[in-house]
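Colleague: Before I plan around this protein, could you take me through what the coordinates show?

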Amino acid sequence: MTTSQNNPAKTDLCHQPGLTRLEDALRIAFNDVAVRAPVIEAPLSDCYGAILRKDIVARVDVPSADNSAMDGYAFCHADLQEFVGASDAQIIVGGVSLAGHPFAREIPRGQAIRIATGASIPDGADCIIIQENITANADETLLTIPQDVIAKTRLHQHIRRRGEDVATGMVVLPAGKRLRPQDIAVAAGQGYQSLPVSRPLSVAVFSTGDELARPGDPLPAGGVYDSNRFAMIGMLRACGCRVTDLGLLADDFDVLKTALKDAAQTHDVIMTSGGVSVGKADLLKPVVDSLGEIQAWKLAIKPGKPLMRGRIGDCVVIGLPGNPVSVMVSGLLYAVPLLLHMMGAADQVCAPVRLPATAGFDFRRGTGRREWLRARLVQDDDGQWVAMPYHSASSGMLSSMVWAEGMIEIAEDCGQVKKGDRVLYLPFGGLQAF
């Protein structure tokens with residue numbers, strides 16, 4: 001299999017004339033469209049999924065003091081060395097150190113301190129022996145330690161050193177990161193009550209097409225229920241946008257012009273489905289042209305070629321195709337990265353995860369467009385995991401996206417995939433709207 005990864009020069013020449021490659025379209029869009037979401041200071045509980053706008057620096061060491069990684073007993077290692085080669089040792093327990101209640105004095109020479117996981121290491125102690133390796137009397141005042149345990153005990157054993165996880169002054173969360181539960185936990189562990197994040201973008205959404213019906217309404221002959229709008233709303237909410245649902249609009253120039261003009265005055269982005277191709281009823285492009293300008297149109301991708309980006313005043317307009325799978329693919333790989341960029345996300349956050357996988361199928365096609373096959377990983381007869389595509393590549397089969405767990409990416413210059421070839425697999429879990 002020939003891919004853009006191993007032959008980039010060839011790929012530069014092989015996409016279809018008049019169409020823009022996805023990576024070029026995103027690069028141009030990132031340059032054209034500035035980060036526009038203002039910075040707000042949000043409480044931690046409101047920061048899940050938000051884009052961080054400033055580096056977060058550690059205020060305290062973690063751990064804040066040397067502490068025990070295990071339940072057991074703290075010793076001075078030098079004291080234990082006196083018993084090496086002798087019989088089992090008997091040592092007095094001179095106190096207790098608990099998490100939040102440390103042993104406040106220096107460890108008495110020749111004695112042990114009972115210690116709990118997370119408790120501070122007493123002054124003078126420099127190793128821990130876990131409780132399972134020691135025999136204590138009934139009231140835990142006297143310990144018997146087997147000779148082989150003493151011989152194996154090492155300096156600093158089972159001790160977590162101050163600052164070994166996080167040191168004061170280090171950047172624990174970089175700007176541009178999309179915040180996950182573990183990121184919020186790290187900020188909380190540093191004493192932050194709020195974080196500087198992007199305000200969610202406001203996005204108006206609607207579908208067009210006289211053949212469409214609203215779910216719940218009677219379905220006319222030859223009609224289809226509008227599913228694309230709900231796919232767009234889901235992707236937008238998943239990537240942190242605030243959505244206004246404008247519903248289903250008729251294929252009428254004046255209706256569309258009024259709706260777009262009004263929405264552009266109160267939203268950062270307008271996202272639509274349908275009406276961006278070259279048919280008689282495809283009115284979105286001329287409507288946007290009449291109110292603003294078209295900045296990009298038609299990508300060298302499959303599915304999803306008729307994709308439009310425009311501008312009405314300061315409002316970005318993204319016109320996705322009308323086929324259901326095309327909406328999902330172009331939305332996930334073009335619209336969502338652009339929206340995350342507008343909210344200040346780092347480039348690596350905007351990019352999908354691409355994993356090398358083994359093809360479990362044969363595939364032939366014409367070159368010129370980058371293509372994504374809906375796919376999942378399955379085990380073959382030898383128990384090896386291989387990438388397998390859905391049985392149909394039709395962009396009208398939304399059920400294929402339900403079946404799939406990811407997508408196989410076929411580069412512009414690749415006309416054939418053979419079973420056993422290496423391919424790139426994009427798991428849905430590595431896309432920012434899933």
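**An aromatic pair and a sheet**

Modeller: In this predicted model, tyrosine 390 has a relative accessible area of 16% and is therefore buried.

Colleague: Is tryptophan 403 buried, partly exposed or exposed?

Modeller: The relative accessible area of tryptophan 403 is 26%. Buried means under 20% and exposed means over 50%, with partly exposed in between, so tryptophan 403 counts as partly exposed.

Colleague: What kind of aromatic pair do tyrosine 390 and tryptophan 403 form?

Modeller: A search of the whole structure finds one aromatic pair. In the pair of tyrosine 390 and tryptophan 403, the centres are 5.2 Å apart and the planes make 55 degrees. Planes under 30 degrees apart count as stacked and those over 60 as edge-to-face, so this pair is classed as tilted.

Colleague: How many residues apart in sequence are the parts that this pair ties together?

Modeller: Tyrosine 390 lies in the loop between strand S25 (385-389) and helix H11 (399-403), whereas tryptophan 403 belongs to helix H11 itself. The pair therefore ties together parts whose separation in sequence is 13 residues.

Colleague: Turning to the open sheet of six strands, which are its edge strands?

Modeller: The strand order is S16-S13-S17-S21-S20-S18, with mixed pairing. An edge strand pairs on one side only, and this holds for strand S16 (242-249) and strand S18 (293-297).

Colleague: Within that sheet, which residue in S17 stands opposite valine 203?

Modeller: Strand S13 (residues 202-208) and strand S17 (residues 269-273) run parallel and are joined by five bridges. Across from valine 203, the residue in S17 is valine 269.

Methods
Residues are numbered from 1 along each chain as its sequence is written. This is a predicted model: local features need pLDDT of at least 70, side-chain atom pairs count only at pLDDT 80 or more; totals for chains, interfaces and linings use all residues. Side-chain values use heavy atoms; hydrogens and water are left out. Two strands pair if DSSP finds at least two bridges between them. Helices (H or I, at least four residues) and strands (E, at least two) are DSSP runs, numbered from the N terminus. Rings of Phe, Tyr and Trp (its six-membered ring) pair if their centres lie within 6.5 Å; planes under 30 degrees apart count as stacked, over 60 as edge-to-face and the rest as tilted. Buried means under 20% relative accessible area, exposed over 50%, partly exposed in between (1.4 Å probe, protein chains only).
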